[in-house]
Amino acid sequence: MQNIPNRFRAQYTDRFMNSVRGTGEVMIQMELVFKSRLDVDRLTKAFDLTLDAEPILGCRFVKRWWRPYWERIDTNNRSVLAFTDDADIYERFKNSPVDPCIGPQIKACLLRTPDMDHLLMKVAHEVADAGAVKQIAKVVSYTYSALAHDPEYRPKPNIDGDRSLWQLLRYVPWYAYPTILYDYYRVYMFPCLFPFASIHLPVVADDDRTLEYVNRAVPEDLLKLIIEYGHQRNATLNDILMSALLHAISAASDWDHKSQLRLRITVDLRRFKPDSNGGGVCNLGGMEVINLGTDLNDDFDYTLKRISSFMRQRKARWIGINDYVGLAPLTILFPHRLMEKLMFLAMQSVMNMGMDPYVLANGGAIEAKDVVFDTMPIKARLLPTVDYPPHIVFAFTTYNGSLNISAGSWPCSKRPIERCLDEMVTVLSKLSSVRARDTEYVS
């Protein structure tokens with residue numbers, strides 16, 4: 001087997017995510033629920049082997065003034081999986097941070113209840129976005145299955161897997177760069193910052209950092225109606241959820257009709273690669289900003305039409321790549337410590353001024369075949385990174401026909417987030433009755 005290097009270069013996205021760590025708990029988690037029992041010994045070994053299969057996971061982040069790097073952890077000091085039958089211990093694990101400077105970059109906990117097994121994997125955002133977390137889960141799942149047939153199985157280390165932005169930008173033609181740079185300022189930076197105030201929930205920030213996650217589920221039958229509702233209007237599920245979230249925030253915040261109806265949304269840039277996969281575990285996500293101004297009609301279709309039209313336009317003009325063309329060249333040569341200070345100050349300033357829009361992270365679909373641990377989980381979801389108050393990150397994922405909407409909360413933001421997500425589910429539920437009327441009319 002090929003020897004794994006002791007050091008790896010820290011990519012721009014690694015350094016960027018580390019530079020904003022002071023603004024929140026920068027981690028992404030996947031939670032799986034099984035009706036069957038998992039083999040603890042085999043699972044422990046599968047996680048350990050995954051640290052070699054994707055070597056960046058078996059590293060710690062070493063900070064330096066100029067160029068930080070990743071350093072491999074000694075194999076005798078890299079425990080990943082914890083096991084418990086205490087639900088409180090499991091929840092404390094879920095709500096605890098992961099330190100990339102200690103490593104490894106993935107931690108896991110298995111909760112065994114009388115009738116179910118709950119498996120939680122948390123990954124430092126420095127090494128992985130939501131798409132990469134699903135990639136990691138696939139490696140763990142495959143390794144777990146392989147060990148059942150061959151206890152001596154060892155995955156080949158993905159040493160040469162590209163983690164850089166070049167794996168993406170190489171597919172962008174040279175003549176597209178002026179357009180992308182123009183759009184960076186026209187539809188990203190200026191709509192994100194001006195006018196100043198973004199619509200926010202009534203959260204009064206305090207220093208209590210007791211983390212909890214708020215989740216709302218949309219069942220399979222309702223989700224089918226929602227998706228069909230979107231198809232009839234040439235809108236995606238992502239478009240519908242953006243529209244529903246803006247309506248929900250306005251209802252839960254007693255909107256003053258002056259703050260901008262603004263959201264920052266995530267884009268998985270793997271869409272631009274021929275195989276739609278990252279070369280290695282890495283961050284390949286981009287951002288877009290949608291701003292409806294102060295015009296929120298009570299008619300949901302009016303909002304959806306505007307959002308879906310905007311998204312179609314952006315998809316035709318290299319959606320999500322803005323930052324990597326407009327911002328990255330300005331900061332890629334910065335010393336890491338300077339970048340860390342500047343990014344923290346910039347983000348804190350826009351958050352304190354109420355300018356920074358909330359984030360809606362599209363985690364995409366969790367494929368059942370990629371999370372098989374002898375059997376398929378009955379539930380699966382991603383839990384997003386959590387910003388400190390007053391900023392909020394919402395996220396959604398689908399699995400096996402159902403939809404989960406999540407947000408991390410602090411004591412000062414839990415009730416506003418709960419009210420907002422309840423409003424969002426109410427908005428989505430009303431769409432099913434509209435879809436039913438449409439079907440009746442067509443009949």
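## Stop 1: Asp41

Select Asp41, which lies in helix H2, residues 40-53. The model is a predicted one. Is Asp41 buried or exposed? Its relative accessible area is 64%, so Asp41 is exposed, the cut-off for that class being over 50%. From C-alpha to C-alpha, Asp41 and Thr303 are 51 Å apart in space, and 262 residues separate them in sequence.

## Stop 2: Phe34 and Phe373

Show the aromatic side chains next. There are 12 aromatic pairs in the model. For one of them, select Phe34 and Phe373: the ring centres are 5.7 Å apart and the planes meet at 80°, so this pair is edge-to-face. The pair links distant parts of the chain, 339 residues apart. Phe34 belongs to strand E3 (residues 27-34), while Phe373 is in the loop between strand E12 (358-366) and strand E13 (379-383).

Colour by accessibility if your viewer can do so. Phe34 has 0% relative accessibility and counts as buried. Phe373 also has 0% and counts as buried.

Asp374 is partly exposed, with a relative accessible area of 45%. Check its backbone too: phi is near 70°, a positive value in a residue other than glycine. Most residues other than glycine have a negative phi.

## Stop 3: Phe272 and Trp318

Select Phe272, which is buried at a relative accessible area of 18%. Its ring forms a tilted aromatic pair with Trp318, with 5.2 Å from centre to centre and 40° between the planes. Which parts of the chain does this pair tie together? Phe272 lies in the loop between strand E10 (262-268) and strand E11 (285-291), and Trp318 lies in the loop between H9 and helix H10 (322-326), so the pair joins parts that are 46 residues apart in sequence.

Trp318 has a relative accessibility of 21% and counts as partly exposed. Look at its backbone as well: phi of Trp318 is near 60°, a positive value in a residue other than glycine.

The charged end of Arg209 sits over the ring of Trp410, 5.8 Å from its centre.

## Stop 4: the second largest pocket

Rolling a probe the size of a water molecule over the atoms shows where empty space is left. The second largest pocket holds about 370 Å³ of space. It is lined by 19 residues, and the closest to its centre are His247, Asp298, Phe300, Val427 and Lys430. Select those five to find the place.

Which helices each supply at least two residues of the lining? They are helix H8 (237-252), helix H9 (300-315) and helix H13 (414-442). H13 gives the most, with six residues. By residue class, the lining has nine nonpolar, five polar and five charged residues.

## Stop 5: the cysteines

Select the cysteines. A disulfide is a covalent bond between the sulfur atoms of two cysteines. How many disulfides does a search of the whole structure find? The count is zero. Take Cys412 as a case: its closest cysteine sulfur, in Cys420, is 15 Å away, which is too far for a bond because a disulfide needs the sulfur atoms within 2.5 Å. Cys412 counts as buried, at 13% relative accessibility. Cys109 is buried as well, with a relative accessible area of 2%.

## Stop 6: two cis peptide bonds

Finish with the backbone. Most peptide bonds are trans. Select Gly103 and Pro104, which are joined by a cis peptide bond with omega about -5°. Pro104 lies in the loop between helix H3 (87-94) and strand E7 (106-112).

Then select Pro389 and Pro390. A cis peptide bond joins these residues too, with omega about 15°. Pro390 is in the loop between strand E14 (386-387) and strand E15 (393-399).

Notes:
Residues are numbered from 1 along each chain as its sequence is written. Side-chain values use heavy atoms; hydrogens and water are left out. On a 1 Å grid over the protein atoms alone, a cavity is a set of points where a 1.4 Å probe fits but cannot get out, and a pocket is an open set with protein on both sides within 12 Å along at least five of seven lines; lining residues have an atom within 4 Å of a point. Grid points are joined across faces, edges and corners, and a volume is the space filled by probe spheres set on the points. Helices (H or I, at least four residues) and strands (E, at least two) are DSSP runs, numbered from the N terminus. Ala, Val, Leu, Ile, Met, Phe, Trp, Tyr, Cys and Pro count as nonpolar, Asp, Glu, Lys and Arg as charged, and the others, Gly among them, as polar. Buried means under 20% relative accessible area, exposed over 50%, partly exposed in between (1.4 Å probe, protein chains only). Rings of Phe, Tyr and Trp (its six-membered ring) pair if their centres lie within 6.5 Å; planes under 30 degrees apart count as stacked, over 60 as edge-to-face and the rest as tilted. A charge sits over a ring if NZ of Lys or CZ of Arg is within 6 Å of the ring centre and within 35 degrees of the ring normal.
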